Number of protein chains: 2
Amino acid sequence: MKESGLVFIIFGATGDLTKRKLIPGIYNLLNHNGIKKFHIIGAAKDPMNKDKLIDSSKKFIKTKKPKLLSKLKKTTGYLQLDFNKSEFTKLKSELERLEKKGFQNKIFYFATGSNNFEIISEKLKKSGILKNKSGWSRVVFEKPFGSDLKSSDKLNKCLQKIFDEKQIYRIDHYLGKELVENISIVRFSNAMLEPIWNNKHIENIQIILDEDFGIKERGPFYDTYGAIKDVIQNHMLQLLALITMEMPDSFSGDSVRSKKAKLLQNVKIKKTITGQYDGYTREKGIARKSKTETFAAMSLEINNKRWKGVPIYFRAGKYLDKKETKIIIRFKKIKCLFENTCPTKGNELEIRIFPNEGISLELNTKTPGESKSTPIKMDFCHSCVFGPNTPEGYENLFKDIIKGDQSTFIREDELRNSWKIIDKVKRGKLHKYKKGSKGPETKFMRNIIK
Amino acid sequence: MKESGLVFIIFGATGDLTKRKLIPGIYNLLNHNGIKKFHIIGAAKDPMNKDKLIDSSKKFIKTKKPKLLSKLKKTTGYLQLDFNKSEFTKLKSELERLEKKGFQNKIFYFATGSNNFEIISEKLKKSGILKNKSGWSRVVFEKPFGSDLKSSDKLNKCLQKIFDEKQIYRIDHYLGKELVENISIVRFSNAMLEPIWNNKHIENIQIILDEDFGIKERGPFYDTYGAIKDVIQNHMLQLLALITMEMPDSFSGDSVRSKKAKLLQNVKIKKTITGQYDGYTREKGIARKSKTETFAAMSLEINNKRWKGVPIYFRAGKYLDKKETKIIIRFKKIKCLFENTCPTKGNELEIRIFPNEGISLELNTKTPGESKSTPIKMDFCHSCVFGPNTPEGYENLFKDIIKGDQSTFIREDELRNSWKIIDKVKRGKLHKYKKGSKGPETKFMRNIIK
């Protein structure tokens, strides 16, 4: 039997995402023997050639093997396509040609603005491309998926007319990161954690997504969305859901997604602080009087039995003093009877997503030569144990799409619940902050978040 | 006001312990500014001079500072004294001379065989040395303190006629080790540990005291006592008590000792395996047909609410494949619903007393690129964090004696409870084992203890 081949069709192939993430992701998959027989079709409205397409990704590929790069070039095609004007006849005939050669499975990757999701989907349908005879067709949508509950619902309704929910992969690349995929494994394979994973023992949970750079080429996009919709609605709420959801029945299929959706149903934002770095409104693609936030800090709460009363803190921002993504679980301080030897803080479990991927646990231990306690870190450094070549976000997610495993993609109800949370944000004053700082200097959270 | 000086009187000054541990301990105390005004009097029946006494310790002192070594020589005296024959008049007049110079406090250190404890104590009393006018007198007894409950009781009764229990320091140098002193701090300053520190969450507890050397110069002594009385009755039961006792009201005074004594009351040995290494009976000072064990492995249980049903395993032996002292708390495996991803073992907390002092926690984490779990170690390396010059056992204990803190010394009831446990040991067959091996090859425990 002939191995069934795979075609990656990338809409928005000349964009930043394709260059930085998608091509490198496919390259890594190839390098780790995750795919063999495949073809890439890039499509966008600008002129471009396939060699340039691959070359522009080169600097984002870590282990460059000339043989693999040349294989990538050989198996890539480019199609100039104005999604609004052109019909998809050329794409159709190209796909039919490949189908005859045994490339029957198709991944349609929507690396475009969400304003193009509907038109492309409709044209895919109209052209008959989706009438697959033997293989499967799966569609992948990049965030943002809508800009509020209403627009997200509208978009979903439209897509669900064209695709089956089983075909739809709403991607959140954070869910493909090893340390994020690790969260459920750590939570549910370590018996010692379950008894203390609740409001009786946890003081607070902090999720941090600090960036030390600005909006790059994403001016117009970013100015429409801002920090809250760019990273909190998706990445950070997903991290929160993984950290706090109840135990799923299995790690695959819909179990995890059901537990996450259920958790998100009970999340409420209590307070929001927003900020904008100095000079933002003078940047390319930004409205001169823009009130878009480039920083947000929040406190949230989860109204269920496990988490009632445990404050959740979020912080996300551009141009802060460092680039760091981490989750901190701070346990309550012990009720200490011992003068002098009482620890100054509770235990902390830290999951570092970037940089220095790993997990550390802060325990109080004896100060040598004295009978008092000092907090020390017990560390698990991911790359020290498993080596530096851990699969990255997109590669892991491509693997899941090929397998047909939707568990690491956002289901409609999760998405709706996230937007319901975010729709209720109450924005107060927009605080200015200096580039390279720790964000706006407000009292709120200054002493709480590390 | 003049600072009150301290005299260390060491009975058994020509012995191994003085050379290896006591002089180096005093040196370290001096080096870390733990004492300033002090004088040492060595006493034993053999001829010896004070310079030789210090010099013989040199190789057991880590950071040799010539200035301190010469200070040590200047402040040391030696007295030839046959404890059975001589009266203590010379010692008395020397102490009176020093007292006039401001050395009023006295530590009498019994580094002799326990057969000399009574006679020395009686002579101390008879000579009037203990009638201290201004300072304090404290007496320190090295193990073994008796050889069973009966002899230990007899000895205690005799000593208590002469000394107050507040003056008596029954030393177990394990209790002075940083990582051992750390046990209570770790247990009671980390809120996350208390909820899982019980039979609901702990699978078993293992205490290992492996040695890769033999009986050295201790032939006659060792042959009388054997592994069980040499290390299990004292060190290992003490470690067990610290790991499993209830929370004391404070770290000082009698609180810890009361909790340890109470715990030991409920300990019972379930099974004992003994072994003797090949060639033991041909060694110096050993009876040719000796049945003394140089290896013992045991399972024990604690009959209280917290520990009922949790097996405790001990292993101790001479001439095994490595020198290692550690405690392993193995947590129960999780009730795992997930095929493939279920961890193969429970979490483990390991307290390493020697070598590589530290604590590690084994957690199950995600295998990169696969959705299954791999155990990884999160480590706290004591010397990496606190540097290599951590005070050692004897130094810490000397400090406590000087402070008058008895909490790290064995109280009479703890001692009695330990002997009660050990008196009930049922010895079966004495298994032979090869030097450098893992001990006798019996089924029992082979698969349990690491």
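Is B:Tyr319 buried, partly exposed or exposed, and what is its relative accessibility? The legends below cover this residue and other local features of a predicted model.

**View 1. B:Tyr319 in a loop of chain B.** At 23% relative accessibility, B:Tyr319 is partly exposed (buried is under 20% relative accessible area, exposed over 50%, partly exposed in between; 1.4 Å probe, protein chains only). Its loop runs between β10 (312-317) and β11 (324-331); strands are DSSP runs of E with at least two residues, helices runs of H or I with at least four, both numbered from the N terminus. B:Tyr319 is not a glycine, yet its phi is positive, about 50 degrees. Most residues other than glycine have a negative phi.

**View 2. The loop between β12 and β13 of chain A.** A:Phe354 and A:Pro355 are joined by a cis peptide bond with omega about -15 degrees. A:Pro355 sits between β12 (348-354) and β13 (358-366). A:Asn356 lies in this loop too, with a positive phi near 50 degrees, and is exposed at a relative accessible area of 57%.

**View 3. The cis peptide bond between A:Lys143 and A:Pro144.** Omega is about 0 degrees here. A:Pro144 belongs to the loop between β5 (137-141) and α6 (149-162).

**View 4. The rotation axis relating chains A and B.**

**Notes.** Residues are numbered from 1 along each chain as its sequence is written, and chains are lettered from A and ligands numbered from 1 in the order written. Local features need pLDDT of at least 70, side-chain atom pairs count only at pLDDT 80 or more, and totals for chains, interfaces and linings use all residues, while side-chain values use heavy atoms, with hydrogens and water left out.

Note on methods: Least-squares fit on C-alpha atoms with pLDDT ≥ 70 in both.
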